[in-house]
Amino acid sequence: MTQDVNPASAPVAVIMGSASDWATMSHACEMLDQFGVPYVKRVISAHRTPELMGEFARDARANGFRIIIAGAGGAAHLPGMVAAQTTLPVIGVPVKSRALSGLDSLLSIVQMPGGIPVATTAIGDSGATNAGLLAVSMLAMTDDALAAKLQDYRDGLKEKVAASNAELV
Ligand code: RP5
């Protein structure tokens, strides 16, 4: 793979099967942006570019990535096939499909046979948001400043609940 795959020395790669997945996967990137985590985003298709997918997955660790977030829809082989070719953690995001509303994506990503895990999120935008947050949590295991930011984020969620309750009375 060329040297510029990870020009920013980003710890996270956000990959997706099609440009049409971006509306969903942008939510993962928004979270990474919010926490200041550098990432690389790329369209890599398991079906249309299988060689590129293999090359990317096999070289991912050497290229400096620590976590891969992979989103796909329909017969969503991308997360599992990437996980099969790297020992980096892979977070799979089932993209909401046109035909089956993402149930097909969910089942094809989550039902990995024992041995090759894919940490699968919910279908769609929430799943992509949580994929970003999960990557942040993983990186925060060895980064106290990031862990503190994550705690602030959680505190903010708690405050929003308190504020919405105050509005009810
Ligand atoms: C999958 O097929 C992609 O992940 C996408 O969700 C789905 C449809 O792709 P397009 O036909 O929109 O390119 O490979």
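Predicted model: local features only at pLDDT ≥ 70, side-chain atom pairs only at ≥ 80, totals over all residues.
Local features are reported only at pLDDT of at least 70 and side-chain atom pairs only at pLDDT 80 or more, while totals for chains, interfaces and linings use all residues. Residue numbers start from 1 along each chain as its sequence is written.

Start with the record. UniProt, in an unreviewed entry, puts the feature "domain: PurE" at residues 10-161; positions are in the numbering used here, feature names are shortened, and annotations may be inferred rather than shown by experiment. Over residues 10-161 the chain comes out as 47% helix and 16% strand, with the end C-alpha atoms 34 Å apart. Helices (H or I, at least four residues) and strands (E, at least two) are DSSP runs, numbered from the N terminus.

On to the sheet. An open sheet of 5 strands is found, ordered β2-β1-β3-β4-β5, with parallel pairing; two strands pair if DSSP finds at least two bridges between them. In general, strands of a sheet pair through backbone hydrogen bonds, either parallel or antiparallel. The edges belong to β2 and β5, each with a single partner strand, so one side of each has no neighbour in the sheet. On one side, β1 and β2 are joined by 5 bridges in the parallel sense, and Val14 has Lys41 in β2 as its bridge partner. Further along, β3 and β4 pair in parallel over 6 bridges, with Gly73 opposite Val95 in β4. Between β4 and β5, also parallel, there are 2 bridges, and Gly92 is partnered by Thr120 in β5.

For β1 (12-16), 5 of its 5 residues are buried, where buried means 20 or more other C-beta atoms within 10 Å of the residue's own, exposed means 12 or fewer, partly exposed lies in between, and C-beta atoms are placed from the backbone. Val12, Val14 and Met16 point one way from β1, Ala13 and Ile15 point the other way, and all are buried.

In α4, the buried residues are Ser105, Leu106, Ser108 and Ile109, and they pack against β3 (67-73), α3 (78-83), β4 and β5 (119-120).

Now for the ligand. The residues around the ligand are Gly17, Ser18, Ser20, Asp21, Ser45, His47, Ala72, Gly73, Gly74 and Val95, with C-beta atoms, placed from the backbone, within 6 Å of the molecule. By class, this shell has 2 nonpolar, 7 polar and 1 charged residues; Ala, Val, Leu, Ile, Met, Phe, Trp, Tyr, Cys and Pro count as nonpolar, Asp, Glu, Lys and Arg as charged, and the others, Gly among them, as polar. The unreviewed UniProt entry's "binding site" annotation covers Ser18, Asp21 and Arg48. Ser18 lies in the loop between β1 and α1 (22-34) and is partly exposed, with 18 other C-beta atoms within 10 Å. Beyond its neighbours within four places in sequence, Ser18 is in contact with Val43 and Ser45. Arg48 is in the loop between β2 (39-43) and α2 (50-59) and is exposed, with 11 other C-beta atoms within 10 Å.

Gly36, in the loop between α1 and β2, counts as exposed with 10 C-beta neighbours inside 10 Å. Gly36 and Val136 are 100 residues apart in sequence, and their C-alpha atoms are 9.5 Å apart in space.

Terms used
Contact = placed C-beta atoms within 7 Å.
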